[in-house]
Amino acid sequence: MKIIALGDIHEQVKALNLLEKEIAAADLVIIAGDLTQFGNEEKATGVIKVVRGINPNILAQVGNLDSLEIDRYLTREGINIHGRGKIIEGLGIFGCGGSGATPFHTPVEFSEVELKGFLEKGYSEVKDAPVKIMICHTPPLNTKVDMIPSGIHVGSAAVREFIEKHQPDLCITGHIHESAGEDSIGKTKIINPGPFFEGGYVVINAEKGKIEAELRYFT
């Protein structure tokens with residue numbers, strides 16, 4: 001099974017054309033959050049329509065610059081993984097959208113307790129899957145993927161504690177544009193591909209209970 005995971009589209013859908021062949025060939029596309037730039041359901045619908053035009057097999061969740069209106073839209077479409085989990089061909093995929101508190105008071109922010117709750121709920125729906133993929137818009141605290149340019153770590157302690165406890169095989173994150181890269185916590189590989197319009201995405205290959213994930217860039 002081949003999965004393309006990406007995030008932080010922020011309505012810049014023209015970038016999808018640069019990866020059209022690879023997206024079309026995937027078995028599944030996962031959007032890790034921030035489909036829009038402070039957008040509403042109409043804006044999110046436009047983004048999902050473009051992605052579905054390339055590949056109809058999608059899972060998605062809101063980021064902090066989306067809205068709860070978009071969260072409800074994704075639920076109606078049957079593709080929402082925020083606080084939910086789905087098992088597909090032995091892969092347990094679960095998500096946590098939005099972000100922790102920010103100085104900018106963005107539309108979809110949660111407390112640390114709420115982030116933990118969403119993760120635990122989603123995990124409970126996939127706990128029996130042999131391989132688990134965590135899609136969390138907010139990165140875990142004190143990693144290579146949660147630093148702003150000043151060098152301060154701004155990720156979530158609750159997300160880190162969850163990873164330390166449950167050790168999913170892979171965590172795809174985003175949110176901090178300047179901190180694209182890779183890290184690990186225990187056996188959990190963590191990848192922040194950065195904003196998709198800057199070229200970052202993740203290729204995930206799963207076969208016979210094993211998973212490999214690679215950060216790539218298109219030009």
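Is lysine 189 buried, exposed or partly exposed?

1. Lysine 189 is partly exposed, with a relative accessible area of 30%, where buried means under 20% relative accessible area, exposed means over 50%, and partly exposed is in between, computed with a 1.4 Å probe on protein chains only. The model is a predicted one, in which local features need pLDDT of at least 70 and side-chain atom pairs count only at pLDDT 80 or more, while totals for chains, interfaces and linings use all residues. Residues are numbered from 1 along each chain as its sequence is written, and side-chain values use heavy atoms, with hydrogens and water left out.

2. Lysine 189 lies in strand E9; strands (E, at least two residues) and helices (H or I, at least four) are DSSP runs numbered from the N terminus. Not counting residues up to four places away in sequence, lysine 189 touches Asp169, Leu170, Cys171, Glu182, Asp183, Ser184 and Ala213, contact being defined as heavy atoms within 4.5 Å.

3. Strand E9 (residues 188-192) is largely enclosed by the rest of the structure, because 4 of its 5 residues are buried. Strand E7 (residues 170-172) runs parallel to E9 and is joined to it by 3 bridges, two strands being counted as paired if DSSP finds at least two bridges between them. Within that pairing, isoleucine 172 has isoleucine 191 as its bridge partner. Strand E8 (residues 181-185) is antiparallel to E9, with 5 bridges between them, and serine 184 stands opposite lysine 189. E8 and E9 form a hairpin with 2 residues between them, and glycine 186 in the turn has a positive phi of about 60 degrees.

4. Strand E6 (131-136) deserves a look as well. Of its 6 residues, 6 are buried; Val131, Ile133 and Ile135 point one way, whereas Lys132, Met134 and Cys136 point the other way. In a regular strand the side chains alternate between the two faces of the sheet. E6 pairs with E5 in the parallel sense over 6 bridges, and cysteine 96 has cysteine 136 as its bridge partner there.

5. The largest nonpolar core has 44 residues, and those with the most contacts inside it are Ile31, Ile48, Met134 and Phe196; such a core is a set of buried Ala, Val, Leu, Ile, Met, Phe, Trp, Tyr and Cys residues joined through side-chain atoms within 4.5 Å. Helix H2 (residues 41-54) gives the largest share of this core, 5 residues. Another core, of 21 residues, lies apart from it and includes Ala5, Ala32, Ile133 and Ala213. Alanine 5, found in strand E1 (residues 2-6), counts as buried at 1% relative accessibility. Leaving aside neighbours within four places in sequence, alanine 5 is in contact with Ile30, Ile172, Tyr201, Val202 and Ile204. E1 itself is mostly covered, with 4 of its 5 residues buried. E1 pairs in the antiparallel sense with strand E10 (residues 200-207) over 4 bridges, where lysine 2 stands opposite asparagine 205, and in the parallel sense with strand E2 (residues 28-31) over 4 bridges, where isoleucine 4 stands opposite valine 29.

6. Two backbone angles may be worth checking. Glutamate 89, in the loop between strand E4 (85-88) and strand E5 (91-96), has a positive phi of about 50 degrees although it is not a glycine, and glutamate 89 is exposed, with a relative accessible area of 68%. Asparagine 142, in the loop between strand E6 (131-136) and helix H5 (157-166), has a positive phi of about 60 degrees and is likewise not a glycine; at 48% relative accessibility, asparagine 142 counts as partly exposed.
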